[in-house]
Amino acid sequence: MNALNRRLNDLHQYLSEPYAPSDLNDYWENTLEQVRSKPFNEQKTRMDSPFMPHCEVYKVKYNGFDDTPIHGWYLLPPFRDTKPVPCVVLFHGYHGSKGMPEEYAIWLMMGLAVFAVDVRGQGGETGNTLPSDTGMTSGWVSQGIADRDQSYYKAITVDSIRAVDWVAEQPEIDRSRIAVAGASQGGGLALITAALSGKAAVCAASVPNMCHMDYGIMYSTGSLTELAAFADLFPEKLDSILATLSYFDIVHFAERLTMPVFMSVGLKDTICPPETIFAAYNRIASTDKEIGVYPFGGHNVNRHNSQRVRSFIHRHLLER
């Protein structure tokens with residue numbers, strides 16, 4: 001067995017030690033009951049798009065966690081008839097945004113509707129009204145990190161679940177054919193949303209974050225370094241930080257992922273190390289799961305990976 005095969009064999013056997021809190025299921029049942037009782041207070045505005053004249057383009061705002069207005073693009077494919085269409089809900093990476101409507105043309109040409117949303121406070125139009133009782137290190141993920149109910153992770157998770165809830169209520173959408181997808185931060189949000197929402201039929205998560213975060217806080221060179229820095233400043237809060245992370249770590253939701261799941265990993269990724277991704281993937285309950293492994297890839301989504309994501313979603317939403 002050569003070194004590469006040995007590395008892959010070890011990763012496929014890798015199982016992390018779960019650190020899930022005893023009240024994890026009750027916590028999320030209560031949280032979802034609370035957030036789903038709140039209205040969306042949506043605003044949906046038709047926009048002109050000279051680049052996509054045959055598509056319907058809407059700018060949407062809906063209330064997320066703590067009633068922060070979340071901005072998104074809601075796009076309907078060209079030449080559709082009166083039948084409801086499948087939809088892909090897309091989450092972007094850290095520091096990113098929902099971008100511009102034209103960036104999603106390939107999904108529309110596949111015959112899919114698109115709902116692409118901002119992650120609060122980052123590079124898009126969406127603000128962040130989440131209160132914070134403590135300071136933060138650079139970035140966003142350390143906001144409220146010592147308290148599960150004030151944490152940024154809870155806010156963006158609930159925002160993402162409500163994105164799927166909102167799109168499932170639209171009359172143009174076939175609610176039995178909704179996919180969630182994203183890369184890095186967006187991949188982590190796709191996974192936790194698929195696990196908790198109960199409305200996602202397919203999940204595609206490329207080089208996902210939010211997996212095996214107790215390992216990542218020690219070894220990642222990405223957003224989790226912000227939590228490491230916070231813990232370095234306030235070492236007395238380390239146990240609280242890890243306790244908060246335990247409510248949002250994909251490893252603890254893997255058994256809920258029973259729908260088709262595609263993931264990818266770069267073996268040279270230092271932002272989402274391979275151990276973190278395989279720790280989640282190896283526990284996923286779905287009998288229809290795939291992982292794209294790129295031995296010389298880092299924290300990126302190459303064209304081959306993008307093609308596999310589209311093929312996976314096409315197969316499960318359009319060919320079934």
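This is a predicted model: local features need pLDDT of at least 70, side-chain atom pairs count only at pLDDT 80 or more; totals for chains, interfaces and linings use all residues.
Residues are numbered from 1 along each chain as its sequence is written, and side-chain values use heavy atoms, with hydrogens and water left out.

Helix α2 covers residues 24-35, which is 12 residues, and reaches 17 Å from its first C-alpha to its last, close to the 16 Å expected at 1.5 Å a residue; the expected span is 1.5 Å times one less than the number of residues. Helices (H or I, at least four residues) and strands (E, at least two) are DSSP runs, numbered from the N terminus.

The buried residues of α2 are L24, Y27, W28, T31, L32 and V35. They lie on the same side of α2 because they cover an arc of only 120 degrees around the axis, the arc being that of the directions from the helix axis to the C-beta atoms. These buried residues pack against α4 (152-168) and α5 (185-197), with contact meaning heavy atoms within 4.5 Å.

## Cysteines

With a disulfide taken as a pair of cysteine sulfur atoms within 2.5 Å, the count comes to 0 disulfides. C211 is in no disulfide, and the nearest cysteine sulfur, that of C272, is 7.3 Å away. C211 is buried, with a relative accessible area of 4%, and C272 also counts as buried, at 1% relative accessibility.

Notes. Buried means under 20% relative accessible area, exposed over 50%, partly exposed in between (1.4 Å probe, protein chains only).
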